[in-house]
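The sequence and the structure come next.

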Amino acid sequence: MRKIIYWVHTSLDGHIDGPGGAFDWPVLGPDLAAYGDALNQRVDTFLYGRVVWEMMSGFWPNAESMSNDPHDLAFAPVWRRTPKIVFSKTLQQPEGNVRVIDGNLAEEVTALKQSPGKDLLLTGGSTLAGALTELGLIDEYHIVVHPVVLGGGRPLFRKPKERLTLQLVDSRSFDSRTVLLRYERPQG
């Protein structure tokens, strides 16, 4: 069965964006970029909620005209060719290799996990990740902690209905700046 991997950046005070949605604080050094590239090799589909989709689709289709960062230049073609699924009740069907799902989240995601293919990568956001967490459908949490205190913004985890206990399976630092905490759901 395919796994859902949640890949997210957070501040030290547990926010995935700053006040007003600011997302100018994550720094992707070469070691963290290489980790992200290796993670992308494990997957064949990117998953997004609508808010993150709008941010990603506003940059990656034309990243080469907006950035000369080596990681951006290498990832842009990967992003464009990788199939994407956006979970939204309001988004109209975008162009390209994008599918919008607005049906029963548990049924749709369970079917995705049972379909053939590589793992699925859920990038950023907290609403979709929170809903999938409550449904027990996220298998791995790859949380990158950045050395910044934002003082507000959307929390990494919205208030769950029940306590979630995860198992730490890896931790490491990247570029003498960020720390990865990788968790899995306990088996059994």
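The lining of the largest pocket divides into 17 nonpolar, ten polar and six charged residues, where Ala, Val, Leu, Ile, Met, Phe, Trp, Tyr, Cys and Pro count as nonpolar, Asp, Glu, Lys and Arg as charged, and the others, Gly among them, as polar. This is a predicted model, in which local features need pLDDT of at least 70 and side-chain atom pairs count only at pLDDT 80 or more, while totals for chains, interfaces and linings use all residues. Residues are numbered from 1 along each chain as its sequence is written, and side-chain values use heavy atoms, with hydrogens and water left out.

A pocket is, on a 1 Å grid over the protein atoms alone, an open set of points where a 1.4 Å probe fits, with protein on both sides within 12 Å along at least five of seven lines, and its lining residues have an atom within 4 Å of a point. Grid points are joined across faces, edges and corners, and a volume is the space filled by probe spheres set on the points.

| Pocket | Volume | Residues nearest the centre |
|---|---|---|
| Largest | about 830 Å³ | H9, F23, M55, M56 and W60 |

The eight strands form an open sheet in the order β4-β3-β2-β5-β1-β6-β8-β7, with mixed pairing, two strands being paired if DSSP finds at least two bridges between them. Because β4 (98-101) and β7 (167-174) stand at the edges with a single partner strand each, one side of each is left without a neighbour in the sheet. From one strand to the next the twist averages 20 degrees, with axes fitted as lines to C-alpha atoms, for helices over the stretch in contact, and angles running from 0 to 180 degrees between N-to-C directions.

β7 pairs with β8 (residues 178-184) in the antiparallel sense over seven bridges. Helix α4 packs on the sheet, touching β2 and β3 (84-87), and its direction makes about 85 degrees with that of β2, contact meaning heavy atoms within 4.5 Å.

Terms used:
Helix = DSSP H or I, 4+ residues; strand = E, 2+ residues; numbered from the N terminus.
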